[in-house]
Each structure stands twice: as structure tokens, then as C-alpha cells.
Amino acid sequence: MLNKLLINFAQISQIFLLHYYIGIIKKLSPRKVFNFVKLFIGFHYSRLTKQATQLGLPFFVSIEPTTSCNLRCPQCPSGLREFTRPTGMLQHQLFEKIILQLKPTLHSLTFYFQGEPYLNPDFLNMVNFAGKQNIFTITSTNAHYLTEENAKKTIESKLDKLIISVDGITQEVYEQYRIGGKLDKVLSGTQEILKQKKLLKSKTPHVVWQFVVFKPNQHQIEAVKKLGKELGVDEVKIKTAQVYDFENGHSLIPDLEKYSRYKKNGNNFEIKNKLLNQCWRMWQGCVITWDGKIVPCCFDKDAKYQLGNLENETFKNVWHSQAYNQFRNAVLQSRNKIDICTNCTEGTKVWA
């Protein structure tokens, strides 16, 4: 009997995953596919020549709804309140201006960089607007604001993918990283979004529980997978953690080698993967801050490497600018000299 139930659960999970991938494919168009091919060719040609050649426009971008956050996570500039850039909210007018420039070639949009997206009162209206432009929409939340009303509005916004941060399955473990957070709110928020999804007979959003592995929670990896299945989330994702000042060791670095980005070398720690002079992200997408600044990737938390500002420039001009290509050239030629790259595991892969 148990085996039959497990088989049925696996079959149901496969059906939900199928709907998810169909949703991704539906957001494609001949122009978007052709643009992706141009990006791919430009990236590999640049790797061979060591000179940046950008042939397309972004296939994926992240846009920041806000830098405000209700939690104080110790490895997050937003949580630590240590930004050198101002705190603020993305305005709908600026958002629409950006999306209308990008929509012909843009496939996916993540509403996240720093901060808690649901703190922006216009957040779900922006999700809905992007969805109407045939863009695949994603967000990441700590789930403290997934009330019945917000859960219903989330379903109605047609958000495609919802990532919920769950870094512990007991309050004692959860609060060691998610400082100021309440696990019961995460669980009730998850249940509310799944309930509203069912009531409104919606296939979206694809609900992901994301568990970032730190030393204090590493013993709960299997338990979080089990709990996620019991609640009925679509996917449980186990993710390695970025830790600042890792060189001398840190209390958050897990002991489990499989789930750590770092390895011990003598008395110090270093990133496991070799830092290659390449990074697909410099070709396929970028990050846009709440006030319209373009930065190369999500590791530039303080927007140190500002490559343009969409308040007074067009995206296409910034994307193909000399300044942007100079940054891409630096990545191709001496990536280890760029500070935001030295704690990054991207670029070790050709595709992503």
C-alpha cells in the first residue's frame, strides 16, 4: 500500500513538473530563441578571442522590488542594514519603462535582488504586468507576508515561480540564520499559497522550498525534504551558502563537504571550484536595482560596478556600451582581480 502511495505521489510530482516546463516553453517566441542563439554564439566567440562580443539582448534579468527587509540575516547586506546605497522601492512607472524595452527578447524575470519583495505594495501589480508581456516571472520570499489576501493576490497575479526560503524546520534552528523570523509564519504562508492555488484551480506558481545549508541546519536536510513533500510543495531545493570572510573559517560553513562551497587548505579556506576567466551571466542577463541602476550580477550587492542608469539611459545603449564590454573583457582576462567574482561559483560552468 505504501509503495502504491509513493508511486502515485511521484506521478503527481511529474505532472506538476511537466506543467512547470510547459509554462517555461510557452514564454518562448521565435525572436527570443534567435536572441538566445546570438547570446550563446557571442559568449563562446568571446571566450575564444578573449575580447567581448555581445550579439544579443538579455534572456534573463533580475529586478529589485525593494532593499527593505523584515529580517536580519547575518550574511545579507539588507538584513545587516549595511548598504552603501539607499533603501527604497521600485516604482511602477520605471518598471513599465524597463519592461517595455526588454520584452521582445526577455524570457525570464526574477523579482528579487536584495530585500523582501512583498514589502513593495505594488509588487504583485508589477508581476501581473510582466506576465501580460509574455515574460516568465519568479520571486523569492521569506514568506512572512503570505497572508490569505496576499496568497490570493499572488495566484491572481499569474506569478510563475515562487521560491520560499526555509532554512530550518524547528524555530531554534531556523532563527539562527533567519534572525527575527518566525518559522510558523513560513509554514502557514506555504500552506496558504497552496490552499489558494487549489481553490482558484491554478497551476501556478510552481512552489519551491529553498533550503540554504549552513552548519547549524545541516542535520535537517533530509527532514526538510520530507516536510516539503508532506505539505505538498512542488520542489525542495537544497542550496549551498555564500559566506563572506570565509578565508579564516566561519561558524556558518557546513561540515558536510557536499554542501559547502569552500574547502580547507591548511589553516585557511578557499572556494572549491577553480575561478575561470569566463561567466555566462555577463552575456545572458543582468541585475537592475530598485532605482534603475544596471549592475553585472547578483554578487554586486552594493551596486559597486554600476554600468548605467535606466532613469536617463536606454537599456540597449547601456548593454552594448563600451563600459559594459570593458567589464566583460576584465572577466575574460583577469576575473580573479574583480572583488565580486572572488567568492563566486558561477563561471565554472559554460552554460550558466
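Is Ile25 buried or exposed? Ile25 counts as exposed because its relative accessibility is 55% (exposed means over 50% relative accessible area, buried under 20%, partly exposed in between, with a 1.4 Å probe and protein chains only).

1. A quick word on the model: it is predicted, so local features need pLDDT of at least 70 and side-chain atom pairs count only at pLDDT 80 or more, while totals for chains, interfaces and linings use all residues. Residues are numbered from 1 along each chain as its sequence is written, and side-chain values use heavy atoms, with hydrogens and water left out.

2. Back to Ile25, which sits in helix α1 (residues 2–26) (helices are DSSP runs of H or I, at least four residues, and strands are runs of E, at least two, numbered from the N terminus).

3. Now the salt bridges: the structure has 10 of them (a side-chain nitrogen of Lys or Arg within 4 Å of a carboxyl oxygen of Asp or Glu). One of them pairs Glu64 with Arg85, with the closest N and O atoms 2.8 Å apart. Glu64 is in the loop between β1 (60–63) and α3 (77–80) and Arg85 in the loop between α3 and α4 (92–102), so the pair ties together parts 21 residues apart in sequence. Both Glu64 and Arg85 are buried.

4. Have a look at helix α9 (residues 221–231) too, where Lys225 and Glu222 lie three residues apart, about one turn of the helix. Their salt bridge has its closest N and O atoms 3.4 Å apart. Lys225 is partly exposed at 28%, whereas Glu222 counts as exposed at 54%.
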